Amino acid sequence: MATPAQGIARLGFRIWYERQLIEGHVWFVTAFLCAVLIMALMEELNLRGPGPLSLSSLAMIVVAALTGAVALRRYIRMLGRAESLAEQCVCPDCASYGVIRVLEAGRVDDDEQPQWIRVSCKKCNSEWRLEST
Ligand SMILES: [Zn+2]
């Protein structure tokens, strides 16, 4: 998985941001479908009934709940990160939005993605630093 700095450097900020929104919403739809599956399985679930059917339904509910939780967490994280970086992508000198060049990136700790990205404006070459959440 590419870090935000790698993605922005490769695609440009605007395309990277658009793809983050699309991918984030795919995760949201996944979480929603898991919730629908859980509700459908709950309707079928009968804990007093014969074992195998109830146990398989219960197992599917647990798997759907875990998948849905992971998908919802990724959705929230992706959108939060994309929005946070988008708010910082306005050039402090010429006020251009999203017209940036990645100069370097680094990590504050051992998290997956860089916590800071040093960028410059493609229009006026002003430099500033983005902080990733
Ligand atoms: Zn500028």
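Author: Contact here means heavy atoms within 4.5 Å. This is a predicted model, where local features need pLDDT of at least 70, side-chain atom pairs count only at pLDDT 80 or more, and totals for chains, interfaces and linings use all residues. Residues are numbered from 1 along each chain as its sequence is written, and side-chain values use heavy atoms, with hydrogens and water left out.

Reader: Glad to look at it with you! Which pattern does the chain follow along the sequence?
Author: Helices (H or I, at least four residues) and strands (E, at least two) are DSSP runs, numbered from the N terminus. The chain has three helices and three strands. Going along the sequence, these elements give the pattern α-α-α-β-β-β.

Reader: Which residues in H2 does H1 meet?
Author: Helix H1 covers residues 4-11 and helix H2 covers residues 13-44. From H1, the residues taking part are Pro4, Gly7, Ile8 and Leu11. Their partners in H2 are Phe13, Ile15, Trp16 and Arg19.

Reader: At what angle do H1 and H2 pack?
Author: Axes are lines fitted to C-alpha atoms, for helices over the stretch in contact, and angles run from 0 to 180 degrees between N-to-C directions. The axes of H1 and H2 lie 7 Å apart. The angle at which these two helices pack is about 125 degrees.

Reader: Across which strands does H1 lie?
Author: Against E1, helix H1 runs at about 155 degrees. The strands that H1 lies across are E1 and E2.

Reader: Now for the sheet: in what order do its strands come?
Author: Two strands pair if DSSP finds at least two bridges between them. The sheet is open and its pairing is antiparallel. At the edges are strand E1 (100-106) and strand E3 (127-131), each pairing on one side only. The order of the three strands is E1-E2-E3.

Reader: How many bridges join E1 to E2?
Author: Valine 102 has valine 119 in E2 as its bridge partner. E1 and E2 run antiparallel, and the number of bridges joining them is six.

Reader: Which residue is the bridge partner of arginine 118 in E3?
Author: E2 (residues 116-121) pairs with E3 in the antiparallel sense over five bridges. Serine 120 has glutamate 127 in E3 as its bridge partner. For arginine 118, the partner in E3 is arginine 129.

Reader: Which residue in the turn of the E2 and E3 hairpin has a positive phi?
Author: Between E2 and E3 this hairpin has five residues. The positive phi is about 65 degrees, and the residue in the turn that has it is asparagine 125.

Reader: How many of the six residues in E2 are buried?
Author: Buried means under 20% relative accessible area, exposed over 50%, partly exposed in between (1.4 Å probe, protein chains only). Across the 133 residues of the chain, buried residues make up 35%. E2 is mostly covered, and the number of its six residues that are buried is five.

Reader: Which residues does serine 57 touch, not counting those up to four places away in sequence?
Author: Serine 57 sits in helix H3 (residues 51-87). Its relative accessibility is 8%, so serine 57 counts as buried. Leaving aside residues up to four places away in sequence, serine 57 touches Leu41 and Leu45.

Reader: One last thing: what share of contacts join residues at least 24 apart?
Author: This count takes contacts in the chain between residues at least 6 apart in sequence. Among these, the share joining residues at least 24 apart is 54%.
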